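This report describes a pair of protein chains for a reader who has the sequence and the model at hand. Please look at the structure first, and then read the sections in order.

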Amino acid sequence: MNRILKTTAIAAAVMGVATVAHARDQIRIVGSSTVYPFASYVTEEFGAVTGNPTPVIESTGSGGGLRLFCNGVGEGTPDITNASRRIKVSELERCIENGVTDVTEVKIGSDGIVFAQSSENEAVDLTLEQLFLAVAAKVPVDGELVDNPYQKWSDIDASLPDREISIYGPPSTSGTRDAFEELAMEVPSEEMEAYGGEAYTEIRSDGAYIDAGENDNLIVQRLSEDTDAFGIFGYSFLVENPNTLIAAAIDGVEAESEAISAGDYPIARSLWFYVKNQHADEVAPLYDYVDMFVSETMIGEGGYLGDLGLIPLPEAEREQTREKVAERAKLQVSDL
Amino acid sequence: MSQTFDEISSQLRKRHRRSARLKWISMGALGLAGLFLLWFFSDMLGKGLPAFQQAQIQVEVDYNEDASRMGRAALDPDLSRLVSRTFERMIPVQIRENPELLGTSETRWVLANAQVDQYLKGHRHKLNEQQVVLVDELLAEGRVELKFNTNFFTTGDSKMAEASGILSAAVGTVMTMLVTLAIAFPIGVMTAVYLEEFAPDNRFTQLIEININNLAAIPSILFGLLGLAIFINFFGVPRSTPLVGGMTLALMTLPVIIIATRTALRSVPDSIRHAAFGVGCSRWQVVRDHVLPLAMPGIMTGSIIGLAQAMGETAPLIIVGMVAFIPDVGASFTEAATVLPAQIFTWAGEPEKAFVEKTAGGILVLLTILIFLNATAVILRKKFERRW
């Protein structure tokens, strides 16, 4: 019994020692899994080239990242959080409440969500409304909201292919799903009378929409086996599989880099990260990392992140981003 | 009631048929399991073996003035597109550190990028037509080659598939397991010794016993949540470190070790204890000098199996932040690290096709280690097992 007490005491002591840490020179980053491939590329480059320790980067999702980021200032909290959507007013308010008052917002590029199928099929051109009708749980039929009756694409519109509706998409925990719901469901449903001007984001659960897990690679693999199906995932996976996948054009706009960058492609979003300026003194290399991230060799046209599927911002916006970084512009609630 | 010979023999035949049928069904089950295993291994080997080879390319590196700012300038413009960025980006750093390099040049083998590598392995690649022609030419001249991928075992993770390796994850696994063992082994063994040799058999100890058995069956992710709540949020242990990962996995391994130790202790016959008591040993002397040494092989086997289980675990480590991108090989228990299964998980999510073979290669390495550990457990048991 004595031994057990001693062991417990030693374990407790170890934990005690671990809590007494010193000011660190290793940057800690959390946040979006969409931004993760780009950010981890920059962290690796940063560690290799500057001789600073490679920043630790965890993929926690945009919401999870902002929650950790806004927990407060100091040793245990992250210095940067990546996000595949803009920070919400409520989140920024929570940040400020917890003492995280000086945050700089950095916009790094865009990402498109593609609706793609196996390249063995004919190319398809969908309107946003048709896409919505294929995935929504309840749809208007003759002015009444009913459980989605569409089993085939041709049921929605005769011009669409005579194929079963079968869509592999991200689960509800995913940022891609959030963005899809916002851009491909809220937007069209707000314009449809039957929903009374309210946003409708419920996805059908009768088997036509299949939760395919967080791993987009799995969706891509399934599409080459199940050639009738469509998949929803990030643009970078389309770029990586040019021979096996073709994306549907949405509202007549093809899912291409320029169209996404210019904001013409309807299911596109911006990618961001947020820097805790109060850590800038304590974590010395913080702004070296940020400067490297926003440099033209990374986020510019033909930059390294472009090879990974990041869609560069228009030049003027890139300049704006760099200006904000240079003056460490403080994000105010009124900016949102 | 008398039965004719025919009736009896027909019954007998029926019974024999039934037992033969059962035999075939059970053999079929075994065969099916074997087939799955074979399929899994051949799939993993087919996908994973290419990971142990990597394309290299022979280039002329010209350390000129431009190269000290932009690494690419040191290489032939056509070839620079085929060379891994991990090499090219280090050129300015090298020149800065060794200024005497400036103005010299050398011919050397360097890592080719993942596209060249995938092309040579016959996988899908993104080289354009001119580049394919160029690579074919270089191949004919013997200036591009698939060589043994030492990088895979000597570097950490990288975003560039050609340069990524498992060393940082392997070191992380070793450190995490050390922490797990240092905590779970003594606590587990001492708990079991107390419960088995000292504790009275009452309601309270029965309750503890039931709880330990229950803990062994709890989904591992719950231990992750416990680790997050207690170790990170309450004690402030740094996130993503082998320390917190090891402590979390120790919680998971504890019941396994306790149960194995208790079984081992119970299999030591009472006659040993009685004999020791008979010559006047105290209870503690009996346990320390007689029962524990005799039970040790069983305890070791149980601990190794518990450890192997912890080694293959990812779910609780996601929660305590050990599924992270770690290119540097860690050196301390309080530095961020990742472990082998987490590394495999990370690679499986990468969009680049070149990571498919890395994923399978990582699985092969993990499987080898686990088979080795389990084999050690079996050998220990065979060698030291005593029948009473």
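## The sheet of chain B

In which sense, parallel or antiparallel, do strand β1 (residues 53-62) of chain B and β2(B) pair, and over how many bridges? The two strands pair in the antiparallel sense, and seven bridges link them; helices (H or I, at least four residues) and strands (E, at least two) are DSSP runs, numbered from the N terminus, and two strands pair if DSSP finds at least two bridges between them. Within this pairing, B:E60 stands opposite B:T107 in β2(B).

Three strands make up the open sheet, in the order β2-β1-β3 (chain B), with antiparallel pairing. Its edge strands are β2 (105-111) and β3 (144-148) of chain B, each of which pairs on one side only. Strands of a sheet pair through backbone hydrogen bonds, either parallel or antiparallel.

## Basis of the model

This is a predicted model, in which local features need pLDDT of at least 70 and side-chain atom pairs count only at pLDDT 80 or more, while totals for chains, interfaces and linings use all residues. Residues are numbered from 1 along each chain as its sequence is written, and chains are lettered from A and ligands numbered from 1 in the order in which they are written.

## Domains of chain B

Chain B is divided into domain 1 (54-147) and domain 2 (167-384), with bounds that come from an automatic or database domain assignment. The C-alpha centres of these two domains of chain B lie 45 Å apart. For residues 170-376 of chain B, an unreviewed UniProt entry lists "domain: ABC transmembrane type-1"; UniProt positions are given in the numbering used here, feature names are shortened, and annotations may be inferred rather than shown by experiment.

B:F153 belongs to helix α7 (residues 151-154) of chain B. Leaving aside residues up to four places away in sequence, B:F153 touches B:G165, B:I166 and B:L167, contact meaning that the C-beta atoms, placed from the backbone, lie within 7 Å.

## Chain A

Chain A has 14 helices and 13 strands, and of its 336 residues 43% count as buried. The C-alpha atoms of chain A fill a box of roughly 70 × 60 × 40 Å, taken along the principal axes. Chain A is divided into domain 1 (23-110 + 269-335) and domain 2 (112-268), and 30 Å separate the centres of these domains, taken over C-alpha atoms. The contact between them takes 16 residues from domain 1 of chain A and 14 residues from domain 2 of chain A.

## Where the chains meet

Between the chains, 31 residues of chain B are in contact with 31 residues of chain A. On the side of chain B that touches chain A, the elements giving two or more residues are α8 (167-198) and β4 (324-325) of chain B, and α8(B) gives the most, with six residues. By class, that side of chain B has 18 nonpolar, seven polar and six charged residues; Ala, Val, Leu, Ile, Met, Phe, Trp, Tyr, Cys and Pro count as nonpolar, Asp, Glu, Lys and Arg as charged, and the others, Gly among them, as polar.

Strand β2 (residues 56-58) of chain A is joined to β4(B) by two bridges, and the two strands run antiparallel. A:I57 stands opposite B:F325 in β4(B).

Notes: Two residues are in contact if their C-beta atoms, placed from the backbone, lie within 7 Å. A residue is buried if 20 or more other C-beta atoms lie within 10 Å of its own, exposed if 12 or fewer, and partly exposed in between; C-beta atoms are placed from the backbone.
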